Protein chains: 2
Amino acid sequence: MPSIPRIIAVDVLDIRFPTSEHLDGSDAMNPEPDYSAAYVVLRTDAGDGHEGHALAFTTGRGNDVQANAIAALAPYVVGRPVAQVCGDLGGFARSLSHDPQLRWLGPEKGVIHMATGAIVNAAWDLAAKRAGKPVWRFLGEMSPEDLVGQVDFRWLSDALTPRDALDILRRAQAGRAERIEHLLRRGYPAYTTSPGWLGYSDEKLTGLAREAVTAGFTQIKLKVGASLTDDIRRMKAARAAVGDHIRIAVDANQRWDVQPAVDWMRQLADYHPYWIEEPTSPDDILGHAAVRRALSPIKVATGEHVANRVVFKQLLQAGAIDIVQIDAARVGGVNENIAILLLAARFGVPVCPHAGGVGLCEMVQHLSMFDYVAVSATMHDRVIEYVDHLHEHFIDPVRVVDGRYVAPTAPGLSAQMREAALTEYAYPGGPVWTSRAQGAGNRPDQAWDAS
Amino acid sequence: MPSIPRIIAVDVLDIRFPTSEHLDGSDAMNPEPDYSAAYVVLRTDAGDGHEGHALAFTTGRGNDVQANAIAALAPYVVGRPVAQVCGDLGGFARSLSHDPQLRWLGPEKGVIHMATGAIVNAAWDLAAKRAGKPVWRFLGEMSPEDLVGQVDFRWLSDALTPRDALDILRRAQAGRAERIEHLLRRGYPAYTTSPGWLGYSDEKLTGLAREAVTAGFTQIKLKVGASLTDDIRRMKAARAAVGDHIRIAVDANQRWDVQPAVDWMRQLADYHPYWIEEPTSPDDILGHAAVRRALSPIKVATGEHVANRVVFKQLLQAGAIDIVQIDAARVGGVNENIAILLLAARFGVPVCPHAGGVGLCEMVQHLSMFDYVAVSATMHDRVIEYVDHLHEHFIDPVRVVDGRYVAPTAPGLSAQMREAALTEYAYPGGPVWTSRAQGAGNRPDQAWDAS
């Protein structure tokens, strides 16, 4: 008798795109990102052809550190029975984040937590492929009890108990099938950040903003925080370009201290920004609360750098944010994002995911769609960020039509890249990188040698 | 003319001690730690024989991840002029933590931040050796203006401005020389955790507790949080062993949610615990505040897992803690700890450092002594944790006499290990590890194969 199928390998790849060459993705704190993926493949000996693919996103340098951390988790994964992992993804996720020695490196934050997230997401990709469903539907068809079993409630019980979670999920059971049908027919609303990168000229900004409206988007986003004069001019131009009925969010990428955030945003208030995103440190719960109090009715949004569910819990408890911005690759994977969706539902705060980078749109769409089917049960005031970069490298890329994400139907988490991309953009040995001049791209500035 | 001296290498070593074999260091969240160091050496071509030594502490598995992260920072360090680094350690520290691509991995938390901290601490070791002073005195003799220049005030200005910092430091200028003399004569108070590890029997606990009192300690600490019945019995035994006038702190190592922390501690209140340390998640500012409100007059302490100055700022703003527990190796090095000492002084909260592990006592004593000389200017209600493990591996180990740390006089940060230790405990190739059976020690439990 053959032995039971097991996970036999965790392959990790360092994949980098030289996006800094065109200033795509430039903001006040990330002037020249090279969008990168610490990419993971779970392989099994089940013989069914299914692999689990996912990635941790980084902005270039340090992608090797992230990849090394994922590789360090391989001994926790290789050898496990496939059916056990896929049958208890909650237990699998907890076994990684609770390891008593590894948790010193976090706990549950930064490099080690994103490594956990990448592996957990890859396991969800594998499990959903085996079930023949896209992850949003795989989740959306689970029982409330099974969904509660996915969540690590440690440190949450002053805001969300398993009982609370069960109540939320049971309330949302009515109408699940209709909402699945609605998603398949109409998709999920998106907004676009493509016009608003700091490195773009005013002409490029307003041209892209008008194109976005024509394409059906009802919300765009601009990066701010490098120069107040520039921001006022750009905001004014964008408002003139799109008219009064399109929402314009702005994003400072953590650039300010608390009072400077308030002062700066007051200068933009005439142009009615919809939300200010990451006004200050992502760790500063009390700071976000102070900014929100001072700037209302401008909304405050954050999340792409929020380390874990405990920080989200407090942002909600403190009334610090109007918008929860989950990110598919920042926290401990699908399981922790279920906890965060439940927290948001408990506090009645809409979730508008962060996406962009590479693969983040592909993965996070599943979480918003699941939220619509089985948690908040609404799309009201909810939009998924959309950035039109690098989707061509994915086997099942997102499709945005009339300003809405089309619900994916292929099984899995949509994070699988094409073989050609994995070869071409491998760092440092792939042809895209070896063809660049020695010393160019993806190296630290050696500013100390300029003087 | 020879070129100016530069940093020519960043050597990184993975050093692990098999401490789990004797349950030294066992607590409710870390049942079997193998105390480890991701050890760094900065080498220069100055020809003066000085190197910079420091380490990031971990509890075993994952020490390779931490070492890799330090190695990834080498390109930011190698090639820099020694005089420039040692002459502007504030600028050096900021250049590492502000790198626009690497900061995605944090920002300023977890693996990448501890890597920054290790390198920054090694640079302080180097600078202090070149100045011929122990770090506490090197810092304690800097001007207030130079000390303010060490601090990254980003995200702090709602609680601490450069002006506030200057006021604190200028007020403490009077009496600096006398306090240096006092330190050299009398040292700095310590407390000991050696009796209280969870893995120890009651007999070992009470025996070690009595020894601690005989040795001059006025405070001891017990680990709690695994079993309430055991904790009540151990606390009662410890109180009986040491009498009413010795402070007994307890430490839950993040084991509880908010309400369970309150409920559990109320069961220990009869034995007058002095502080409860890490009652819940280190990220849970609001949770700590709730625990403190409920348990007063039992004090609340935290810090060994507090990721950075922004979280400490909020713990102080929210009135969440009575005791700030800095850690030499958790945050971005000496510079960020100066910021945290200044925040504590601004809020009038005493600093009682976390130490133990390997090398943490050696490094952190410098920070408390500097605080006494130039920041808070007092030792009142302040004690440095002391654990009597692994000091024999250091060239300039801490010395604790009559329950007090003796002020070190050798130049540097005291973190330099003996060559023999660096060879013997190298992981996985050193003789201590190769002599152990295949599969033993420092590998993940493969619990999934037990069923």
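This is a predicted model: local features need pLDDT of at least 70, side-chain atom pairs count only at pLDDT 80 or more; totals for chains, interfaces and linings use all residues.
**Conventions.** I number residues from 1 along each chain as its sequence is written, and letter chains from A in the order in which they are written. Local features need pLDDT of at least 70 and side-chain atom pairs count only at pLDDT 80 or more, while totals for chains, interfaces and linings use all residues.

**Interface.** I counted 62 residues from chain A and 62 residues from chain B in the contact (two residues are in contact if their C-beta atoms, placed from the backbone, lie within 7 Å). Which helix gives the largest share of the side of chain A? It is α1(A), with six residues. Helices here are DSSP runs of H or I with at least four residues, strands are runs of E with at least two, and both are numbered from the N terminus. I note that 100% of the interface residues of chain A are also interface residues in chain B, so the copies meet through the same surface.

**Helix α1(B).** I checked residues 63–72 of chain B and found eight of the ten buried, among them B:Val65, B:Ile70 and B:Ala72. Buried means that 20 or more other C-beta atoms, placed from the backbone, lie within 10 Å of the residue's own. The buried residues of α1(B) pack against α1 and α4 of chain A, and also against β1, β2, β3 and α4 of chain B.

**Core.** I looked up the largest nonpolar core and found 316 residues in it. Such a core is a set of buried Ala, Val, Leu, Ile, Met, Phe, Trp, Tyr and Cys residues joined through C-beta atoms within 7 Å. A:Ala123 is one of the residues with the most contacts inside it. Beyond four places in sequence, A:Ala123 has contacts including A:Leu42, A:Val85 and A:Phe92.

**B:Tyr274.** I found this residue in strand β7 (residues 273–277) of chain B. B:Tyr274 counts as buried because it has 20 C-beta neighbours inside 10 Å. Leaving out residues up to four places away in sequence, B:Tyr274 touches B:Gln219, B:Arg247, B:Ile248, B:Ala249 and B:Lys299.

Conventions:
A residue is buried if 20 or more other C-beta atoms lie within 10 Å of its own, exposed if 12 or fewer, and partly exposed in between; C-beta atoms are placed from the backbone.
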